[in-house]
Amino acid sequence: YRKESFEAWLLKNMVQQNTSVHWRMVLFLHNLLAAGKGTVKYFYQHYMTLFNSCFESYKSTIYNITLDPLMLDYLNLRSSNKSNPDENYARELQELFTVGKGPNSKFTEDDVTAMAKLLVGWTYPNGASFINGPLISLFNDSNHDISDKQFSAFYGNRIIKGRKGQDGKKELDEAIDMIFSINECAMYLSRRLYQFFCYPIIDDTVEKNVIAPMADLLRKNNFELMVPLRALLGSAHFFDT
């Protein structure tokens, strides 16, 4: 009954909102940052993270969603161990959430492995579902791989230095900066916005005349998705048959 009530609340917000793109954007982020399973408490916090992210930098969204308890559980990051890092979230972070799978997205299996090592240690307390208030994520430095992480030529052969103790948390910030410095990240996110809000098919003309300028706006505005989206929705192209 709680799950049915939560879903009804979500749908009510989407259907009865004032003229605004806000809840539509939540649905976009829900599709892009796919996650599932868990109690209503997990789901509520997850969707509020999406809701509060809509007008922020997508870089902040990626940081927050990485530490989101629903996502930590859904893509196995919570159960990842430094002796055998789980690659599920590390793969989706790149393949689905940021740089995609297009022909110009050339991250490697070694990049997935390095990212998995970098991310291990993030978790949330046992029994968190039964604690009043929000679920709090934390960094378990005793379960963090402190070795240096070597990335491929796609990421400029970047080496992210391993850190000990709570300083290990800083590796996530560095990894996010690395990912978003790649041109394909802005291109991929612009394509996803275009396909969701405008039209599913992107030909060479659209790639050159619409997607590339959207990506440029995204990079120049700290990856705030609303900036290129506003330009798209106000363009003559958006109203083309």
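## Salt bridges

Arg-91 and Glu-87 are joined through their side chains by a salt bridge, with N and O 3.4 Å apart; the term denotes a side-chain nitrogen of Lys or Arg within 4 Å of a carboxyl oxygen of Asp or Glu. This is a predicted model, in which local features need pLDDT of at least 70 and side-chain atom pairs count only at pLDDT 80 or more, while totals for chains, interfaces and linings use all residues. Residues are numbered from 1 along each chain as its sequence is written, and side-chain values use heavy atoms, with hydrogens and water left out.

Arg-91 also forms a salt bridge with Glu-109, where the closest N and O atoms are 2.8 Å apart. This pair links distant parts of the chain, since Glu-109 lies in helix α7 (residues 109–119) and Arg-91 in helix α6 (residues 88–98), 18 residues apart. Side chains of opposite charge can pair when their charged atoms come close. Relative accessible area is classed as buried under 20%, exposed over 50% and partly exposed in between (1.4 Å probe, protein chains only). Arg-91 is partly exposed at 25%, as are Glu-87 at 28% and Glu-109 at 49%.

A further salt bridge connects the side chains of Asp-167 and Lys-170 (3.4 Å, N to O). Asp-167 is partly exposed at 38% relative accessible area, and Lys-170 is partly exposed at 45%. The count of salt bridges comes to 12.

## Cysteines

The whole structure contains zero disulfides, a disulfide being a pair of cysteine sulfur atoms within 2.5 Å. Cys-185 is buried, with 0% relative accessibility, whereas Cys-198 is partly exposed at 26%.

## Nonpolar core

The largest nonpolar core holds 71 residues, of which Leu-33, Tyr-58 and Met-115 touch the most other members. Such a core is a set of buried Ala, Val, Leu, Ile, Met, Phe, Trp, Tyr and Cys residues joined through side-chain atoms within 4.5 Å. Helix α9 (residues 183–197) gives the most to this core, with eight residues. In soluble globular proteins, nonpolar side chains tend to be buried together.

Contact means heavy atoms within 4.5 Å. Apart from neighbours within four places in sequence, Leu-33 is in contact with His-46, Leu-50, Tyr-58, Thr-61, Ile-62, Ile-65, Met-71 and Phe-97.

## Thr-49

Thr-49 belongs to helix α3 (residues 40–53) and is buried, at 19% relative accessibility. With neighbours within four places in sequence set aside, the contacts of Thr-49 are Asn-64, Ile-65 and Asp-68.

## Overall fold

The secondary structure comprises 11 helices and four strands; these are DSSP runs, numbered from the N terminus, with helices (H or I) of at least four residues and strands (E) of at least two. Of the 241 residues of the protein, 44% count as buried. Among contacts with a separation of 6 or more, 64% are between residues 24 or more positions apart.

The C-alpha trace spans about 55 × 50 × 25 Å along its principal axes. The accessible surface comes to about 12200 Å², of which 51% belongs to carbon and sulfur atoms; the areas come from the Shrake-Rupley method with a 1.4 Å probe, and for residues only the protein chains shown count as cover.
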